[in-house]
Amino acid sequence: MEKSRHRQQFAFSLLLSLWLPCCLAQTTPSNAATRTPTRAPTPSATPSLSPQTERLKVRLSGYPRKHNEGRVELFYKGEWGTICDDDFSIANANVLCRQLGFVSATGWTHSAKYGKGQGKIWLDNVLCSGGEKSIEFCKSRGWGNSDCTHDEDAGVVCKDERIPGFVDSNVIDTQVDENRIEEVRLRSVVAMSRKKLPVTEGVVEVKYKDGWAQICDLGWTIKNTHVVCGMLGFPHERKVNKNFYKRLKKRAAEKVSRPKVNVSAGGRQTSKAKANSKSKQSSPGKRLYLDRQKNHFHLHSVECTGTEIHLAACPLEYSKRNVTFTCEGGMAAVVSCMPGPLFMQNNGLKKKPKISSTVRLKGGARLGEGRVEVLKDNEWGTVCDDRWNLQSASVVCRELGFGSAKEALTGARMGQGMGPIYMNEVKCLGQEKSIWNCPFKNITSEDCQHSEDAAVRCNLPYMGFENSIRLTGGRTRYEGRVELLSSDSNGTQSWGLVCGESWSTKEAMVACRQLDLGYANQGLQETWYWDSSNVTDMIMSGVKCTGNEMSLSQCQHHKTVSCQKAAAKFAAGVICSDTASDLVLNAPLVQQTVYIEDRPLHMLYCAAEEDCLSKSAAKANWPYGHRRLLRFSSQIHNIGRADFKPKAGRHSWIWHACHGHYHSMNIFTHYDLMNANGTKVAEGHKASFCLEDSDCQEGVSKRYECANFGDQGITVGCWDLYRHDIDCQWIDITDVRPGNYILQIVINPNNEVAESDFTNNAMKCNCKYDGHRIWLHNCHIGDAFSEEAERRFEKYPGQLNNQIP
């Protein structure tokens, strides 16, 4: 019996010795060659683990990352391995995140975003439906059957919310490398600078164990500074006045080595001397000197090329353990960064840096993220995601006044664009000033579709805006009554409310952005149903935002609070969302279909009832005579990431018997004819009497149809077509004299329904009318025309669309 027990203990020890090193193995980058793409075989069901084997272990690894994200690694047959990103999807990520104890996934990553793993690539071409209990039950090519390299290791980003009752964390079982650089910060040594955000200059510190450590500046270069600034959200670096910091260090060292103490007659240090001593210890020079004296130098050699996205990607030399290293002859590395225009305070710069006017981000829920769009020949287009990587994404981010890129997103993760695709296989090195300076291929129709539009998430400087706002009373963290933090003359801080009067979607957009909760779904002027807070004071009223501000404090508002409905139930509230719709008009179709019709009055009774004619029509000799109508078709696409749905529920839709349909929105579009100075000379409007999916792009099914009192809306990837020959699809120009005008069409003009981008809701065309014929030229989505464009119109009036006999 004793012998048998010894054998069992020996077997257990042997298994433990074999298993433990695998569990604690450190993942290091490999130099695997890039594979040549081959056609993957049809996935089959993955063989299940044998009954004798314990349940599949999953962990997150890599860097830089947080606890709820990382490279996916599976423990199978005694060895940790990775998953290839081929055919990877959010459904796969959901299964994996639930295995890890999180409620769901918010995203996934490709191309070894968290670094390349080592060892086996266990799974490839994984296809989950999303409901599987484990990744092993999803379809794949089978265990260990892969044609990938570790350059294609997949990762996941899980929602930072644990499954109730989930005991085994199963997240980070791997041994953590203490030398891995994940977090970097700037700590200002000048007291005045520490009070201002963003911090643009200070000592570079890296997260080390439970604290922060410095970097020795011996051999420190401007290229290292460039990388650090990019990580912290700054596009450019500035030269540091090292003499200033050397003087501080020298002065502090002298004071420490030769302290002057005033001694009283009794031999005690006087209170004045104590106060001086305390003051000296808190001086910038003293702090810098003490930083040098402490053994906190974690790094003493950094050799970046300047194109790296993260300090961890640079060649680094770490301080050795049990060796006292005080950076002899040097001091703590100090850097100075140049913030982008959006984050600049009053810094006294004579010439502020400009951001690109030929590159923009669209469709992102947060500042510094979105689909990449570039301007060519006065038309915006997108970038194809073939070979899209962090270097190219970082060039875009810095060009727009942000730092380096956190993520280079593919597969239209920020929504599909419209119009041309200008670039493919962009290959930036990382030091280019603009994406236009990078090598790229021109696009042919066979190369890319908008389902492959590239996007980015950029590093932003820390501004602390989210610390002065909160939501209370909501069912989730995405909704509630808006409360702001204020300080009185004594410095006492308290939460107050925001007056709900005039509060709209635009103000809600800013509040959600400040909270880092994405888009505004609704802005609410009454919040009696969220009355769970003791806060009753109104501290802000008359808030009026453009919608682009980063915090409510940047919006216009009353100097002194003036709120007629000051009760807490009339305080402002918001409902935020990670996704939103985005409507865009098909501008070329307007230009192609425009014409003039003289329509008899006896055919316009219903149109008059719905207020689709100009005011002078009321004085006409009905039913005799006619009205001159400028007619055109409008095709409105939803290119966002959520369906466009009327704000009002169907119970409040208005029935119009004359045309026999429901109006789900009172005004869906504005049609205006304006003169050169912007004054309206004729106008029309279109109620959404039948907001539905007229057609959709390939692979997208229609969801909304007006027939039989059906749901109204526009699905993502679909469009609603208002043909030129239906009632009210016009502008009544009976009273308009011949001349040059601007035709303007605005969708969702009152911002009644939240969208991710309101700047692309307007279309403008130059218009020439001679009393009988009309020409349209330079139809353009977005901003107003420049003077140069108007001068071009005078030289080239454009295309003849219709002539009245």
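**Notebook: strand S29, its sheet, and some side-chain pairs**

I began at Arg599, which is found in strand S29. Strands here are DSSP runs of E of at least two residues, helices are runs of H or I of at least four, and both are numbered from the N terminus. The model is predicted, so I kept to its cut-offs: local features need pLDDT of at least 70, side-chain atom pairs count only at pLDDT 80 or more, and totals for chains, interfaces and linings use all residues. Residues are numbered from 1 along each chain as its sequence is written, and side-chain values use heavy atoms, with hydrogens and water left out.

**Arg599**

Is Arg599 buried or exposed? Arg599 counts as buried, because its relative accessibility is 16%. (Buried is under 20% relative accessible area, exposed over 50%, partly exposed in between, with a 1.4 Å probe and protein chains only.) I then looked up its side-chain partner. A polar contact of 3.0 Å joins the side chains of Arg599 and Glu597. (Such a contact is a pair of N or O atoms within 3.5 Å; within protein, one must be able to donate a hydrogen and the other to accept it, and residues adjacent in sequence count only if both atoms are side-chain atoms.) With neighbours within four places in sequence left aside, Arg599 is in contact (heavy atoms within 4.5 Å) with Leu604, His626, Arg627, Leu629 and Arg631.

**The sheet**

I traced the sheet next. S29, S30 and S38 form an open sheet of 3 strands in the order S29-S30-S38, with antiparallel pairing. (Two strands pair if DSSP finds at least two bridges between them.) Strands S29 (595-600) and S38 (730-732) stand at the edges; each has a single partner strand, so one side of each is left without a neighbour in the sheet. From one strand to the next, the twist averages 35°. (Axes are lines fitted to C-alpha atoms, for helices over the stretch in contact, and angles run from 0 to 180 degrees between N-to-C directions.) How many bridges join S30 and S38? They pair in the antiparallel sense over 3 bridges. I noted that Leu629 has Asp732 in S38 as its bridge partner.

**Backbone checks**

Most residues other than glycine have a negative phi, and most peptide bonds are trans. I looked for exceptions. A cis peptide bond joins Trp622 and Pro623, with omega about 0°. Pro623 is in the loop between helix H11 (605-609) and strand S30 (626-631). Another cis peptide bond joins Leu197 and Pro198, with omega about 5°. Pro198 is in the loop between helix H3 (191-194) and strand S10 (201-208).

Asn748 has a positive phi, near 50°. Asn748 is in the loop between strand S39 (739-747) and strand S40 (762-769), and is buried at 1% relative accessibility. Asn751 also has a positive phi, of about 50°. Asn751 is found in the loop between S39 and S40, and is buried at 13%.

**Aromatic rings**

I counted 14 aromatic pairs. (Rings of Phe, Tyr and Trp, its six-membered ring, pair if their centres lie within 6.5 Å; planes under 30 degrees apart are stacked, over 60 edge-to-face, the rest tilted.) The rings of Phe343 and Phe402 have centres 6.3 Å apart and planes at 65°, so this pair is edge-to-face. The pair ties together parts that are 59 residues apart in sequence. Phe343 is buried at 2%, and Phe402 is buried at 5%. Tyr76, Trp122 and Trp143 form one aromatic cluster.
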